[in-house]
Amino acid sequence: MKAIADLAARSHKFPRKERFVADVQISHGWMHAGYPIMTHKGSAAGLVNAKTKGMWGAIHELGHNQQRGCWEFPPHTTECTCNLWSVYVHEVVFGTKRDKAHSAMTDANRKKRIKDYVKGGRKLSSWSVWVALETYMQLQEKFGWDAFKKVFAAYYKMDKFPKDKKGKMNLYAETFSQTVGMNLTGFFKAWGWPIEQATEGKLSSLPAWTDHPMV
């Protein structure tokens, strides 16, 4: 929980308890986020076993509880950005690398997803879940986890946010660029994001990330 708070750039003392309730019948799926997080009875043993090396699903749900509408782009990222916490906690707390934490995170699967997305025309309609996670993973592999912590912290200092998806995506591109001191608009455009000329103008004085993985 301390690691989850650290990535979210928030206090270790949460405003309310994060609880898991395992039951024989829940309202949706195998697990679902909320207060409390619900899970089927079969998951209970894994939650309390000190020898457990992997808890992707459980941390995924805790990640859902950290998502904020100002940097979320539904429906694309609803089941995506929560996985940032799954990757982070596995690596930082469990010492388990991302390619071992979940089968979807192997190098082969990651490369295939990117290749298929590019081959399909880089359409935003196909940018979701695991495909969308690649965008964030490429940012993380270039700039580190601290960049995400600083970006999340920057959002806490803002008081006005766009309500439309395009506006929110441009704000995210601008915020991340300002945070790392590099113009990332080319990178986001290569992923099919609807980056506006105004955003490119705001960031034009920063050095461009010209050798990003999507070139």
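## Residue D23

D23 is partly exposed, with a relative accessible area of 34%. That value falls between the cut-offs of 20% for buried and 50% for exposed. The model is predicted.

D23 belongs to strand 1. Beyond its neighbours within four places in sequence, D23 contacts M38, T39, H40 and K41. Strand 3 covers residues 37-40. K13 sits 10 residues from D23 along the chain, yet their C-alpha atoms are 27 Å apart.

The 3 strands make an open sheet with mixed pairing, in the order 1-3-2. Strand 1 (20-23) and strand 2 (31-32) are the edges. Each has a single partner strand, so one side of each lacks a neighbour in the sheet.

Strands 2 and 3 run antiparallel and are joined by 2 bridges. Here H32 faces M38 of strand 3.

## Overall fold

The protein has 11 helices and 3 strands. From the N terminus, the order is α-β-β-β-α-α-α-α-α-α-α-α-α-α.

The radius of gyration is 18 Å; a compact globule of 215 residues would have one near 17 Å, so the two agree. Along the principal axes, the C-alpha atoms fill a box of roughly 55 × 40 × 30 Å. Among contacts with a separation of 6 or more, 62% link residues 24 or more positions apart.

## Surface and charge

Of the 215 residues, 46% are buried.

The protein carries 32 positive and 19 negative charges.

Note on methods
Residues numbered from 1 in each chain as written. Predicted model: local features only at pLDDT ≥ 70, side-chain atom pairs only at ≥ 80, totals over all residues. Heavy atoms only, no water. Pairing = 2+ DSSP bridges. Helix = DSSP H or I, 4+ residues; strand = E, 2+ residues; numbered from the N terminus. Buried < 20%, exposed > 50% of the residue type's maximum accessible area, 1.4 Å probe, protein only. Contact = heavy atoms within 4.5 Å. Rg over C-alpha atoms; globule rule 2.2 N^0.38 Å. Lys, Arg positive; Asp, Glu negative; His and termini not counted. Charge placed at Lys NZ, Arg CZ, Asp CG, Glu CD.
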